[in-house]
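Here are some notes to read alongside the model, written as numbered points. Please keep the sequence and the 3D view open as you go through them.

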Amino acid sequence: MTVIGSSVENRAIPMTTFGQGDRPVLVMGGIHGDETSSVYVAQQLLLELRHHPQNAGGVPVAIIPLANPDGYAAKKRQNSRGVDLNRNFPARNWKRGQGRRNNGGEPLSEPESQALANVIETLRPRLIVSIHSIDNERHCNNYDGPAEGVARLMSQYNHYPVAPTIGYPTPGSLGSFAGIDRAIAMITLELPRTGSGDQAWKDNQQALLAAIAAAK
């Protein structure tokens with residue numbers, strides 16, 4: 001386990017790596033602090049690979065279970081400065097927001113998004129899976145960049161719809177920055193907001209493992 005950075009309130013952001021080799025699959029949860037099932041699923045994946053590393057199919061994996069520790073502690077979407085970290089990346093479509101849609105004064109204004117961007121620059125991941133949750137039965141395997149095949153593979157296991165868009169603009173999102181601008185295979189795994197973390201893990205355990213193993 002390594003610490004990739006700290007939050008505004010100086011909480012550590014840990015990352016655990018499994019396997020050997022360059023360009024691991026990067027999995028993260030909790031970039032929105034109130035999407036608690038995403039953290040649970042990322043933590044369960046970490047435990048799965050700790051006890052059964054062979055289930056990654058020989059593919060190196062890096063897991064950041066909690067990307068927004070301040071928001072998680074406060075049960076809020078944004079970080080402790082009120083910035084939506086998933087709108088704070090230096091994507092070409094970034095724009096300043098207001099109120100609840102506070103995207104930061106400029107791209108990478110927040111230490112948490114800086115840490116995540118640095119990890120992506122350093123690891124050059126072959127695939128990124130960012131786990132979220134969403135309401136109104138809009139759960140899906142949302143893909144950006146060259147990841148449609150991964151989304152369809154995951155759908156065979158979790159039976160979520162495959163979606164090229166989440167249905168609304170996401171300026172400055174990780175999908176825009178990493179998937180669209182940098183052409184990294186990028187999955188935004190949207191779990192059902194009303195479901196439990198345990199059910200989300202049961203539904204997505206094999207989907208996540210299949211996506212990782214296929215990223216050779």
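How do the residues of the lining of the largest pocket divide into nonpolar, polar and charged?

1. Please bear in mind throughout that this is a predicted model. In answer to the opening question, the lining of the largest pocket is made up of nine nonpolar, 15 polar and 14 charged residues.

2. The largest pocket itself has a volume of about 690 Å³. It is lined by 38 residues, of which R77, R87, Y168, P169 and T170 are the closest to its centre. At least two residues of the lining come from each of β5 (127-134), β6 (140-144), α5 and β8 (185-192).

3. Helix α5 spans residues 174-181 and includes S176. Because its relative accessibility is 4%, which is under the 20% cut-off, S176 counts as buried. Its side chain is joined to that of S173 by a polar contact of 3.0 Å, and, once residues up to four places away in sequence are set aside, S176 touches A91, N93, T170 and D181.

4. Turning to helix α3, which covers residues 111-123, we find E112. E112 is buried, because its relative accessible area is 0%. The side chains of E112 and N79 are joined by a polar contact of 3.2 Å, and N79 is also one of the residues that E112 touches when residues up to four places away in sequence are not counted, the others being S6, S7, V8, I13, A67, D70 and L85.

Note on methods:
Residues numbered from 1 in each chain as written. Predicted model: local features only at pLDDT ≥ 70, side-chain atom pairs only at ≥ 80, totals over all residues. Heavy atoms only, no water. Helix = DSSP H or I, 4+ residues; strand = E, 2+ residues; numbered from the N terminus. Buried < 20%, exposed > 50% of the residue type's maximum accessible area, 1.4 Å probe, protein only. Polar contact = N/O pair within 3.5 Å; in protein donor to acceptor, adjacent residues only side chain to side chain. Contact = heavy atoms within 4.5 Å. 1 Å grid on protein atoms, 1.4 Å probe; cavity = no way out; pocket = protein on both sides within 12 Å on 5 of 7 lines; lining within 4 Å. Points joined across faces, edges and corners; volume = space filled by probe spheres on them. Nonpolar A, V, L, I, M, F, W, Y, C, P; charged D, E, K, R; others polar.
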